[in-house]
Amino acid sequence: MKTWTSRRIPLLIASLLLSACAAQTVPSDRYYRIALQALDPIKPLADSPQIMLEPFQASGVYAERALVYRRPEARGALEQYRQQFWLELPALMLTDSLRQALRKAFGDERVQARDARVKVAYVVTPRLRKLDQILGPEGARAEYEVEFVVTDEDNETHFVERVDLVSPLADTHPQSFADAVGRMAAQANQQLIDRLARDITN
């Protein structure tokens with residue numbers, strides 16, 4: 001009887017340990033959207049020329065879905081979260097955001113996709129340069145940098161608009177970062193629209 005009991009005790013302990021492990025919540029992947037921020041209501045420009053929007057260009061870690069962050073101790077090196085992802089590729093969401101903003105400013109029928117067979121006066125090629133969450137002792141912040149190259153159909157440059165924005169974050173949660181990116185993307189889109197409007201009317 002004593003021998004049987006001594007054999008059963010380790011089995012009971014192992015069973016309890018396995019039950020405890022099974023009850024623990026396994027961390028799951030989380031996905032974030034770059035929310036499309038509403039711009040101030042504006043009246044579309046009359047007789048606006050045709051504008052073609054190329055998809056956002058992104059390279060390196062910015063062409064992937066994992067959120068990117070940087071810590072001071074890493075000496076400028078970028079790191080990727082293991083379980084924090086954008087819902088879609090950032091380039092896709094940013095292209096959608098810019099397309100909506102341009103159509104609101106210049107009219108739906110005046111903003112074309114790459115495969116449209118119409119003569120256009122402006123070709124907008126956005127290039128994503130930075131999309132970082134900065135984690136430091138002085139507080140967290142979001143950094144967003146984009147370059148808008150605007151040419152004609154023959155690739156002659158009208159202008160290049162560079163936008164480099166920084167937004168303080170209330171906390172280090174990835175959702176705060178995603179919200180800030182949405183606001184900065186809207187600000188960058190508006191800056192491009194203002195520049196385009198000036199170029200069109202001059």
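**Overall picture**

The average pLDDT of the protein is 87, and 82% of the residues score at least 70. Among the elements, helix α1 (residues 2–23) has the lowest mean pLDDT, 54, whereas β7 has the highest, 98. Where pLDDT is low, the predicted coordinates should not be read in detail.

The protein contains 3 helices and 8 strands, and from the N terminus on these elements follow the order α-β-β-β-β-α-β-β-β-β-α. Of its 202 residues, 39% count as buried, and the exposed surface comes to about 12,200 Å², of which carbon and sulfur atoms supply 50%. Among contacts with a separation of 6 or more, 70% are between residues 24 or more positions apart.

**Strand pairing**

The pairings listed below involve strands β3, β4, β6, β7 and β8.

| Strands | Sense | Bridges |
|---|---|---|
| β3 and β4 | antiparallel | 4 bridges |
| β3 and β6 | parallel | 2 bridges |
| β6 and β7 | antiparallel | 11 bridges |
| β7 and β8 | antiparallel | 11 bridges |

Strand β3 is mostly covered, with 5 of its 5 residues buried. On the β4 side, Y69 stands opposite E79, while on the β6 side R70 stands opposite I134.

Strand β7 (residues 141–151) pairs with β6 and also with β8. Because 9 of its 11 residues are buried, β7 is largely enclosed by the rest of the structure.

N155 has a positive phi of about 70° although it is not a glycine, and its place is in the loop between β7 and β8. With a relative accessible area of 60%, N155 lies over the 50% cut-off and is therefore exposed.

The relative accessible area of T151 is 6%, under the 20% cut-off, so T151 counts as buried. Leaving aside neighbours within four places in sequence, T151 is in contact with A121, Y122 and V123, and also with E156, T157 and H158.

In soluble globular proteins, nonpolar side chains tend to be buried together. Here the largest nonpolar core has 44 residues, and those that touch the most other members are F56, W86, Y144, F148 and L196. Two or more residues of this core come from each of β2 (51–53), β3 (66–70), β4, α2 (90–106), β6 (122–134), β7, β8 (157–168) and α3. Helix α3 gives the largest share, 10 residues.

Which residues does L196 touch, not counting those up to four places away in sequence? The contacts of L196 are I51, L102, F106, Y122, V124, V150 and F159.

I193 lies in helix α3 and, at 3% relative accessibility, falls under the 20% cut-off and so counts as buried. Computed along the sequence, I193 and L98 are 95 residues apart, yet their C-alpha atoms are 9.5 Å apart in space.

**An aromatic pair across the chain**

The structure holds 3 aromatic pairs. In one of them, the ring centres of W86 and F177 are 5.9 Å apart and the ring planes stand at 45°, so the pair is tilted. This pair links distant parts of the chain, with W86 in strand β4 (residues 78–86) and F177 in helix α3 (residues 174–201), 91 residues apart. Both W86 and F177 are buried, and W86 is also among the core residues that touch the most other members.

Methods: Residues are numbered from 1 along each chain as its sequence is written. This is a predicted model: local features need pLDDT of at least 70, side-chain atom pairs count only at pLDDT 80 or more; totals for chains, interfaces and linings use all residues. Side-chain values use heavy atoms; hydrogens and water are left out. Buried means under 20% relative accessible area, exposed over 50%, partly exposed in between (1.4 Å probe, protein chains only). Contact means heavy atoms within 4.5 Å. pLDDT is the predictor's confidence in each residue, from 0 to 100. Rings of Phe, Tyr and Trp (its six-membered ring) pair if their centres lie within 6.5 Å; planes under 30 degrees apart count as stacked, over 60 as edge-to-face and the rest as tilted. A nonpolar core is a set of buried Ala, Val, Leu, Ile, Met, Phe, Trp, Tyr and Cys residues joined through side-chain atoms within 4.5 Å. Two strands pair if DSSP finds at least two bridges between them. Accessible areas come from the Shrake-Rupley method with a 1.4 Å probe; for residues, only the protein chains shown count as cover.
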